Every structure is written in C-alpha cells, then in structure tokens.
Amino acid sequence: MTLLDNRVAVVTGGAQGLGFAIAERYIAEGARVVVGDLDKKATDAAVERLGGPSVARGVRCDVTSADDVDALVRTAVDEFGSLDVLVNNAGITRDATMRTMTEEQFDQVISVHLKGTWNGTRMAAAVMRQQKRGAIVNISSLSGKVGLVGQTNYSAAKAGIVGMTKAAAKEMAHHGVRINAIQPGLIRSAMTEALPSDIWEAKLAEIPLGRAGEPSEIASVALFLASDLSSFMTGTVLEVTGGRFM
C-alpha cells in the first residue's frame, strides 16, 4: 500500500521545478494531483508528463487571485472528489539590493509568496475542515531563516510563510487539519545552475554535506508531511539544506 492511496492533492507552481517533482512523487505514491500554474501551456505539458487526466489535471492559476485559487481547489473536489493535500509552492524572485529594488519588485514577491500562500491555505482549510482531515505543506526557504543579500523582498516573504504556517496550524488543529512548512536550501535547478560559477562554488562551500540538493529530496519531505507518517506534526518547519546555516 502506497502512502497517498486514494488521496487528492493540489500543487501550486506545479508545472516545473520543485512543484513538478512533488506532484510526480505524490502520484507515484497513489495520489491524484491537480497542478496549478500561471503558464497554461506548461501546465498542460506537465499533466501529460505526469500520466494524463486519469491521475492529473491542470488549471491556469494566479495565486494572488482568490478567485483563481478557489477555482483550483474546486477542480480537485469536482474532478477527483476531495482535497486531502495542498502544497503552496508557487513563487518568483525579483532579486536586487534594497537601494535598487523597486516598490513593484517588492510588492510582486510579497504578493505571490505571502498572499498566494494565504489564499491557498485558507481556501484549502475551508474544504478540509468539513472533511475533518487534511494536510497543507507550505514551501518557505532558508532565505526566510537567515536573510540573503539582494533578497529583502524574498526573505521577508519566506519568513512570513513560517509565521503564517504556525498561526494557521493553531487555528486548524482542532479541525484535524495539519499545516507544516519546508525550508529548502540550495537545490539544483535550471535557475540555480545558471548562477555564475564563483557564486555557485561559494554557496556549495557553506554546505556541510558538500553538494546541492535535488528536487526529489524536497519532494520526499513534502511526501512525509502530506502522509500519515507525520500524523502528530503540525506547525513545524523542516530545513532541507544539507546542514547549511545550522
């Protein structure tokens, strides 16, 4: 028996990167998944890669829009019959020093990460409290723990997700809904591999395990938090960093 048999999950930002890796792992463990992403073409392609409409559906979703997130959640309920897991993963970066960062760049990152996570959490919680069970997994970042140069917007948003996770976990615990967060460190992706080699090497030097993480390693922790293996955990933040910034 697999860990997510007969469960239905929604993953925002699920068409690529960490989100796709999480969706892929959930399906391998018996779940059906609704992928939400701003890029409809990429979303449709992701559904095909995940195994087609019998196990996955795709919805164009702007997580800053409450209506879009509500439609995403309703797709899971209407198409697959329930909502058991929601992963708030959608995110963007608009890196710049505080001196050069524009107000628009600050607002964009705060809106996608923080408001987007709030939209997903409250929409999913409304369904899950009726079912008296459910798991919400919020993707924060190591940047939200330590703060990184050029990321006053991103670090603030990711730190805010931690506070939101803990507050929402306290509100929803008596309804049987668990809410936890993951803080990834340096994870190998198209974005991080595009970093200049000297910056990449400097970041690697900070990791006691001596390597970058893989998207599948975040997906494994997201699986743990979605499954009954973590049934007595709520309001927790798990660092997946290779020991960086302990």
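View 1. On a 1 Å grid over the protein atoms alone, a cavity is a set of points where a 1.4 Å probe fits but cannot get out, and lining residues have an atom within 4 Å of a point. Grid points are joined across faces, edges and corners, and a volume is the space filled by probe spheres set on the points. You are looking at a predicted model, where local features need pLDDT of at least 70 and side-chain atom pairs count only at pLDDT 80 or more, while totals for chains, interfaces and linings use all residues. Residues are numbered from 1 along each chain as its sequence is written, and side-chain values use heavy atoms, leaving out hydrogens and water.

A search of the whole structure turns up one cavity of 30 Å³ or more, and the largest cavity holds about 30 Å³ of space. Among the residues lining it are Thr12, Asn88, Val112 and His113. Helix α4 (residues 103-131) gives the largest share of this lining, four residues; helices (H or I, at least four residues) and strands (E, at least two) are DSSP runs, numbered from the N terminus.

**View 2. The largest pocket.** A pocket, unlike a cavity, is an open set of points with protein on both sides within 12 Å along at least five of seven lines. The largest pocket contains about 1400 Å³ of space. Of its 45 lining residues, Gly91, Ile92, Thr93, Tyr154 and Met191 lie nearest the centre. Elements that each supply at least two lining residues include α1 (17-28), β2 (32-37) and α6 (152-172).

**View 3. A charge over a ring.** Here the charged end of Arg49 sits over the ring of Phe20, 3.9 Å from the ring's centre. To count, NZ of Lys or CZ of Arg must be within 6 Å of the ring centre and within 35 degrees of the ring normal.

**View 4. Two residues with positive phi.** Which residue in the segment before β1 (8-12) is shown here? This is Asn6, whose phi is near 65°, a positive value in a residue other than glycine. Asn6 is exposed, with a relative accessible area of 66%. Phe245, in the segment after β7 (237-240), also is not a glycine and has a positive phi of about 60°. At 30% relative accessibility, Phe245 is partly exposed. Buried means under 20% relative accessible area, exposed over 50%, and partly exposed in between (1.4 Å probe, protein chains only).
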